[in-house]
Amino acid sequence: MSKTRVFIYGSCVSRDTFEHLDPERFELVAYVARQSALSAYTRPVELMPPPTLESQFQQRMVSGDFASSLRPQIAAAATGTDLVLVDLVDERLGAYLLPDGSVITRSIELIQSGSEQYLPQGAQHLAFGTQQHFEYWQTAIGYIGERLRHYLPQATVVLLDIPWAEWSETGEQTPDSFGVPARDANVVFQSYAQVAAQALGGQVITLDPSEVTSSPTHPWGDAPFHYAEHVYLNIVKRLTGTEGRVIWGAGATRTTTADLPAQAAPVQAAPERVAPERVAVRERAAGAAQAAPTAPGGAAQAAAAPLRRLEGGPNFLIAGTQRGGTLWLQHQLNHHPHLHVAKDSTPFFSQPGRITNDDEILKFLKPYTSGTKPLRGHRSPGYFLVADPKSKFSTPRKQDTAAAIRDMLDPNAPVLLSLRNPVERAISAYWRHFSDADIELGAGIFQTPTRLGIVDRGFYRRHYEGWARTLGPERLHVLVFDDLVDRPRQYLQEALGALRVNDAPEFWAALKPRVKVGHVGWLPQFKKQSPITAQEIAALHALYADDIRFMEELLGRKLPKWHNVGRLIKQYTAEGK
């Protein structure tokens, strides 16, 4: 029986809960602490080095904070994580926003090392609980939730929303943490926990304050978030449905509590998954189905299992392209009394391991089972892509996405394709991947990894013709991003027409047509020194010339903005600015 592989993003609450789990059933694959969501969301710190600390564990965590290490660690754990445990204790001291837009978590280590005194001039303290911190943090935790869903769609995410203890098990009032009493902290944490629960899209384990006491003899000291052992055992019972192990009190299974392993177990695929089931983590019975056979490259061969038609799932699709306004379209359509687009945009039809797995199919269908609206939509802008092995820009796909949509969705389900000027889309994708730390600033667009699809996704003729052959052109409805920006009502009217739904007064009354183009808060200063050159923009336009002509013929209209290379150079290059 393989172990449940656990990824911890948090601090003492998740750490001590893990230590009370049965080591024969659970193993740690990654541990990220002392790193605010704000730090994980932004660029690595370059304006100052991390402090030098005596503890190897503390050094590793603080250095990870400066490196914004959560993002690459989530990606590295993509195939080797079953359960993600999250708590928010490390947010309590706020963070520092540095002049270049990077962020340092205000951790105890930063304070005690004295490094807090040597922050770059202009550093701004974002205090926990302030409006500025909360608004910025909402965006950051939302981004982390998206990244978890993208890289770990098979893992269960559990937020441990455990209140700080106001009283210890000895009946004494708990000490303040940096001048903040438990009662006041719990009021502030409540808002953050509500946002985190929605952003992470996972399960939440919480306890009533009457169930929570601290322990003055806790191995890590007396604090309102260092609980008595019965609290951790209660959390484990709610998490797994089984009893946890006693490690500190009478009947302890070990005599001392050491730090978690200096190096977590390497993430690797197991022959049999122990999958978390809802909140509780259950062991699979002996003889459970084995994982799908793998191809020489390690990819699961989905072709061996026939695809089945989904019942009760989505009956229309918003497919793309990336950076083409699909999220805005989703938000607006959800105001319509007859339309519901599921919030989760995690790819399904392009994932061989999901479309043939009964558990993954049930998970995909869950958002559509409780709704009452007749038209149910699924959005994933990464779908609209057909590989071409002859193209140096193309990365072969393991799954024919259009074929999976044809075989699994309602055969009459319309597909909305919101497309943007392919040159502008490539530039936008470049900056998005830069903000995700997938590429370095000096890399030109044509030097970016082909796996990112920054150039390849703009070959609209190839992608459209491939989908039209598989799905039928009558199911494909192209919307133009320019219309979304300039004429949002007309854009939405075309979307409603494609979905064959009538106008609804309440829809237009609730509509928020103003288009707010979102970006990461620290990106504009990097865009001012943009490495994108006029030559690259001209080369992209030449590369996509046939695709632009094709789209004009398909739509029966001219797209003048798509030909205006001068405007793009002025807007997106350093020399143009």
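Before anything else, my terms: two strands pair if DSSP finds at least two bridges between them. Helices (H or I, at least four residues) and strands (E, at least two) are DSSP runs, numbered from the N terminus. I am working on a predicted model, where local features need pLDDT of at least 70, side-chain atom pairs count only at pLDDT 80 or more, and totals for chains, interfaces and linings use all residues. Residues are numbered from 1 along each chain as its sequence is written, and side-chain values use heavy atoms, with hydrogens and water left out.

**Entry 1, a sheet with β9.** I started with β9 (residues 316–320) and β11 (residues 375–379), which pair in the parallel sense over three bridges. I looked up I318 and found R379 as its bridge partner in β11. The open sheet has five strands in the order β10-β11-β9-β12-β13, with parallel pairing. β10 (339–341) and β13 (476–480) have a single partner strand each, so one side of each edge strand is left without a neighbour in the sheet. Neighbouring strands here are turned by 25 degrees against each other on average, direction ignored. For angles, axes are lines fitted to C-alpha atoms, for helices over the stretch in contact (heavy atoms within 4.5 Å); angles run from 0 to 180 degrees between N-to-C directions. I then noted that α16 (residues 488–499) lies across β9, β10, β11, β12 (415–419) and β13, at about 175 degrees to β13.

**Entry 2, a sheet with β1.** I read the order β2-β1-β3-β7-β8 for another open sheet of five strands, paired in parallel. Its edge strands, β2 (26–32) and β8 (203–206), each pair on one side only. β1 (residues 4–9) runs parallel to β2 and is joined to β2 by six bridges. I8 has Y31 in β2 as its bridge partner. Helix α7 lies across β3 (83–86), β7 (156–161) and β8, and I get about 175 degrees between α7 and β7.

I picked V187 in α7 (residues 182–200).

I searched the whole structure and got one cavity of 30 Å³ or more. On a 1 Å grid over the protein atoms alone, a cavity is a set of points where a 1.4 Å probe fits but cannot get out, and lining residues have an atom within 4 Å of a point. The largest cavity is lined by residues including Y9, Q35, D90 and I141.

How values were computed: On a 1 Å grid over the protein atoms alone, a cavity is a set of points where a 1.4 Å probe fits but cannot get out, and a pocket is an open set with protein on both sides within 12 Å along at least five of seven lines; lining residues have an atom within 4 Å of a point. Grid points are joined across faces, edges and corners, and a volume is the space filled by probe spheres set on the points.
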